[in-house]
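Visitor: I'd like to understand how labels get attached to a structure. Could you walk me through one?
Guide: Gladly, let's look together.

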Amino acid sequence: MKIRYKLHSARTEMYIDKKGDWIDLRSAEDKVLEKGCYTLISLGISMELPEGFEAIIAPRSSTFKTYGFIVPNSFGIIDSSYCGDDDVWRMTCLPFDRAVVKKGDRIAQFRIQPNQFATPWQKIKWLFTKKIEFVEVQHLGNESRGGFGSTGRR
């Protein structure tokens, strides 16, 4: 799977051996979160997901305890059309107290799963995938969709 890093401190290839299939995501920026102020934290990556698949982004189980914020929409969905160089993954945050997140902190995790339009063959092939292999690229070669939250309100 092609991945483009905006910052190398955002590296993602971190499976926790034999403890799950979620992959950790890191903050790509230093960020001060003020109590009650909704914000976005850049995760510093753009990725080309296989057609028929989507990524689910959720906070790590320790994120609330460590930083004191929740993801207000519970989790985020990245679909396969969000695959351009400027389509950088972000995490939505709502802090309950002032918090400081440092570049490189593991704050989120993701997994990939078939979406409702995946073909039966794509789903069967996915069942036999042992581990996602990332291929770092300088450019994904796809048109950017327009940034985070670009599908609009209607």
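Visitor: What is the order of the elements in the protein chain from the N terminus on?
Guide: They run β-β-β-β-β-β-α-β-β-β-β-β-α-β. That comes to 2 helices and 12 strands. Please keep in mind that this is a predicted model.

Visitor: What makes Leu 127 count as exposed?
Guide: The cut-off for exposed is over 50% relative accessible area. Leu 127 has 67% relative accessibility, so the residue counts as exposed. You will find Leu 127 in helix α2, residues 120-127.

Visitor: Which residues form a nonpolar patch on the surface with Leu 127?
Guide: Trp 121, Ile 124 and Phe 128 do. Together with Leu 127 they have about 540 Å² of accessible area. A patch member needs over 30% relative accessible area, and Leu 127 passes that mark with its 67%.

Visitor: How do you know that β4 and β9 pair?
Guide: Pairing requires at least two bridges between two strands. β4 and strand β9 (residues 90-95) have 4 bridges, in the antiparallel sense, so by the definition they pair. One example is Leu 40, whose bridge partner in β9 is Thr 92.

Visitor: And where do these strands sit in their sheet?
Guide: The sheet is open, with 3 strands in the order β4-β9-β7 and antiparallel pairing.

Visitor: How much of the protein chain counts as buried?
Guide: Of its 154 residues, 43% do; buried means under 20% relative accessible area.

Key. Residues are numbered from 1 along each chain as its sequence is written. This is a predicted model: local features need pLDDT of at least 70, side-chain atom pairs count only at pLDDT 80 or more; totals for chains, interfaces and linings use all residues. Side-chain values use heavy atoms; hydrogens and water are left out. Patches are made of residues with over 30% relative accessible area and no salt bridge: like charges are joined within 9 Å, nonpolar side chains (Val, Leu, Ile, Met, Phe, Trp, Tyr) within 5 Å. Accessible areas come from the Shrake-Rupley method with a 1.4 Å probe; for residues, only the protein chains shown count as cover. A salt bridge is a side-chain nitrogen of Lys or Arg within 4 Å of a carboxyl oxygen of Asp or Glu. Buried means under 20% relative accessible area, exposed over 50%, partly exposed in between (1.4 Å probe, protein chains only).
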